[in-house]
Amino acid sequence: MAETQTDTSAPTAPGAQPEDGPEVIVIGGGINGLVAAAYLARAGRRVIMVEAGRRIGGMAASSTLVDGPLVSECAHLVSALHAGVVGDLGLHRHGLRYTHRRIPTVLLGHGSSLVLSEDPWEAESAIARLSPQDAPAYRRFVELVRRLNEGLDGVLLSPPPQLGDPGPALNESVRRLSSALRGLPRRDLETLVAHAATPVGEIVARLFHSPLLQGGLAFDGVLGSFAAPSWPGTFLTFLQRRFASVSGRWGAFGHPAGGLGGLCDAVWRAAAVRGARLRLGDRVVRILIEDDRAAGVALESGEEIRAPLVLSTLAPQVTFLELIGRSHLDVAFASDVSRLSARGSVARLTYVLEGLPQLPGSDADGREAGVGRFVVAPDLPYLERAFAAAKFGVAPEEPAVEFTIPSAHDETMLFDGRHVATALAIHAPWREEETVETRRAFADAVEAAITRCVPDFRRRVRKVEVMMPRDIEERYGVPGGHWHHIEMSPDQLWALRPHPRAAAWRAPLGGLYLGGAGSHPFGGVSGLPGRGAALALLQDQGWG
Amino acid sequence: MTAQDQGPARPAPSSPLAAHLAPLMRVPRWRSLGHCHVPAAFAAAAAEEAALATGSAFADGSWHRSYLVSGPSAFDVVDRLTTTRIEGLGIARSTRAVLCDDAGYLIDLCTIYRFDRDVFQIVSDAPLGYWLCEGAEGFDVGVEETSGGLACIYLCGPRAPAILSRLGYAEAERLPLGALDLFEDGQLSLHVCRRGPAGGEDGFELWFTAEAAGGVIRRLLALRETAALTPVGADALEGARILAGMPRAFQDFHPAHLAAAGERLTGPRSVGLGALVDHEKGPFCGRAALERRARAPVPLGVRLFVEGDGLRPGAPLHHGLAQLGTLTSVHSSASHAGTLALARLDGPLPGGAAPALEVRPAHGEARRVRWLGPMGDGLAGASAARGFGRG
């Protein structure tokens, strides 16, 4: 397990640069740091990864957050992990195993429910029972999203243009974009352009009649974002959430054995077998800059590790403003970075449950009881009301929630026969001060929201732990407690992510690369920013 | 941090010296410069120019904007924002410095005074409040605009040291160029800096509070007759500035931080300030962009003498039928019997370093042009030669 990783690094005295010293330092041992380290090691480079925590994984780690079973600590499902990353790194060979890789989405309403299997035909028949006119529209919608994601695949995998560096490189990236989009049918391209700035709420309201279907689909457009379904750009978030699937079929969510930490362990093994080294429990406090180039890192312990190349997977605000410092940055750039939008709005809750609750539809569909990604977002106004409160820093009375019960399909997560449920509640406000009372009040609201759809949920709760955005900020060092480090709004995507002068994974300082969730293409457990940064580094050095 | 910029849309207030200088003006003509109005001229242009060139003159320099940067990180902030090496700038010393934006375009040519280890004053033509505050963000430093509370007098001409001695400041002759000293005699309290308004090093600056303006002016006026001290206006100073090839914000370049989209921006080299960019110093704002363009050809700024007068900025500069550039600053000089001008060239000069050029105004005959040299040569050379004091 990740906890058993040992410190295998060999920090050097300040100024020293042994011949076998690292060529690349990867800062941050989250999913993107791990993926970056694995790609670099796979290319034969000497790489050391430095992680502040005592285990790898960051927000995708597993730990005993609640006394007892080992559960995913923050992120709790795999949806957008790119098949290319899995294949390139041979993650299945290195122990990646899913306890369930086709977890369906179950939309929960007040008195109604809808099971959206990853199989569109199966989902269509379920929808037909609830809202017959929505069934064919849903199939068309699923197909459209699949085609759009296929068309966007090339865009997301290739470097976006560096707008601040016009010339041949800009032309080349525009050519790549054009080439990547060429695969899209013309009508889909038109739809993509039209939908890119359209609120997800408006799209689903146009297409579907069922409030439950509208709310449930719109939920994915706002999960992890500080946005309401009526906000432009939320359809892009929806596409990201449905960008890829662990089963290769649209709409499927997976749960790795051992939680998300199981996935991280597999990625680390892929890196370690190629010689990557790991330094745990020592925080990088400074990126050393010499002659306008990254030259290594200084650790909290006082040691320095020197290397000509540094790849940071921390949030761009942390990398630039804290680890590098404004003195090394141009004024407007530093100012822009300090103003990157990052208002975390997702709270993470972990429940210990006495037995499985009666979840709607389980038996009728013949599925294993408790297996599902359960979404409490009964309709669009529900999401809007929740956001309206969060907008003013107030916790919503009725939060929208996504929860799973991993112990239902992973018996290692059972604790003395008790089940564990993990929940993400959206539109939780970031507040300067969180107290036991404020956390408790929010947890009560979440519990009540679930109980309105799953009547016996509350009476089964034996214990709950809650992390508000402020707690997530402190625990993982992500500004604003934002799961994607910075907002996934149109002004912070693609060539603008995180900043036009730090796009395409390259910082405006030589030898420094950005591979965290705040880089292209997006956050989530996709591994793509880490992959992109590693490949950009290898290409720049002629090692690719 | 506090800083207030006087936006161009607001009516500019008068200089703190205005009430005291107005009675001396034969024609009440004022010029709006920086953050306030100052006298444009007091007497005949020829007399004022002569006083600057051969005698002693004083002028109202209160129109500059001044910003106090103080706090433990003041050095870091000032050093980060300027292309000039500040490291060797001692206490009670001053230097010319260039500010650039992220893209390496000119924000302003300013003067930096170091009052103490952690206290700097930045004096500029353009409003810098927002820019300085942005640059100071994240640092332990305060930025305060002090323009309204300060007054400045330029004391110029070869006899300027003697005037200062008559005022009671005996150190004038020995004061090193660029140095700053506090002069107090029970009635007056002012900072004297050996630095002038044009090429920069041909006179003195006297800085004092706006409240002290009356006392300082009375002492100076008392010397008018006995020491032949002549008040001169902004017009005469403009001629001296152009002769020295010193570019000015809003005239010879547009401050990049205030530019609207599509506005033409200027790098330091284009206005002859390339020597004030020290690529070898540590990181500073715009360094990467300036290095990328360090060897790229840029439009040149030049100093010219044009026959006749009545020209305005914007007049086209021609070589034959081809327009080579545009006049950016002009001054009808009585003593030179023609127009002194600064101009921006859009491309390389044809036919050698000093080709036959002419200005073709919209109305009237073409004017012949005499080449005086590149813009900024006197300024950059003087600053480079001067170096910094050792505090």
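A: By class, 19 nonpolar, 8 polar and 14 charged residues make up the lining of the second largest pocket. The model is a predicted one. In total the lining counts 41 residues, and those nearest the centre of the pocket are A:Asp330, A:Arg501, A:Pro508, B:Ala288 and B:Arg292. Elements of chains A and B give two or more residues each: from chain A, helix H12 (331-338) and strand S19 (512-514), and from chain B, helix H4 (129-136) and helix H8 (287-292). The largest share comes from H8(B), which gives 5 residues. The space in this pocket is about 960 Å³.

One of these lining elements, H12(A), also packs against helix H11 (residues 316-324) of chain A. Two packed helices are described by the angle between their axes and the distance between the axes. For H11(A) and H12(A), the angle is about 135° and the axes are 9 Å apart. Angles over 145 degrees would count as roughly antiparallel and those from 65 to 115 as roughly perpendicular; H11(A) and H12(A) are therefore oblique to each other. Their crossing is left-handed. On the side of H11(A), the contact is made by A:Pro316, A:Gln317, A:Phe320 and A:Leu321, and on the side of H12(A) by A:Phe333, A:Ala334, A:Val337 and A:Ser338. By class, this contact between H11(A) and H12(A) has 6 nonpolar and 2 polar residues, with no charged ones, whereas the lining of the second largest pocket includes 14 charged residues.

Definitions and conventions
Residues are numbered from 1 along each chain as its sequence is written. Chains are lettered from A and ligands numbered from 1 in the order in which they are written. This is a predicted model: local features need pLDDT of at least 70, side-chain atom pairs count only at pLDDT 80 or more; totals for chains, interfaces and linings use all residues. Side-chain values use heavy atoms; hydrogens and water are left out. On a 1 Å grid over the protein atoms alone, a cavity is a set of points where a 1.4 Å probe fits but cannot get out, and a pocket is an open set with protein on both sides within 12 Å along at least five of seven lines; lining residues have an atom within 4 Å of a point. Grid points are joined across faces, edges and corners, and a volume is the space filled by probe spheres set on the points. Helices (H or I, at least four residues) and strands (E, at least two) are DSSP runs, numbered from the N terminus. Ala, Val, Leu, Ile, Met, Phe, Trp, Tyr, Cys and Pro count as nonpolar, Asp, Glu, Lys and Arg as charged, and the others, Gly among them, as polar. Axes are lines fitted to C-alpha atoms, for helices over the stretch in contact, and angles run from 0 to 180 degrees between N-to-C directions. Angles under 35 degrees count as roughly parallel, over 145 as roughly antiparallel, 65 to 115 as roughly perpendicular and the rest as oblique. A crossing is left-handed if the near helix is turned anticlockwise from the far one by less than a right angle, and right-handed if clockwise. Contact means heavy atoms within 4.5 Å.
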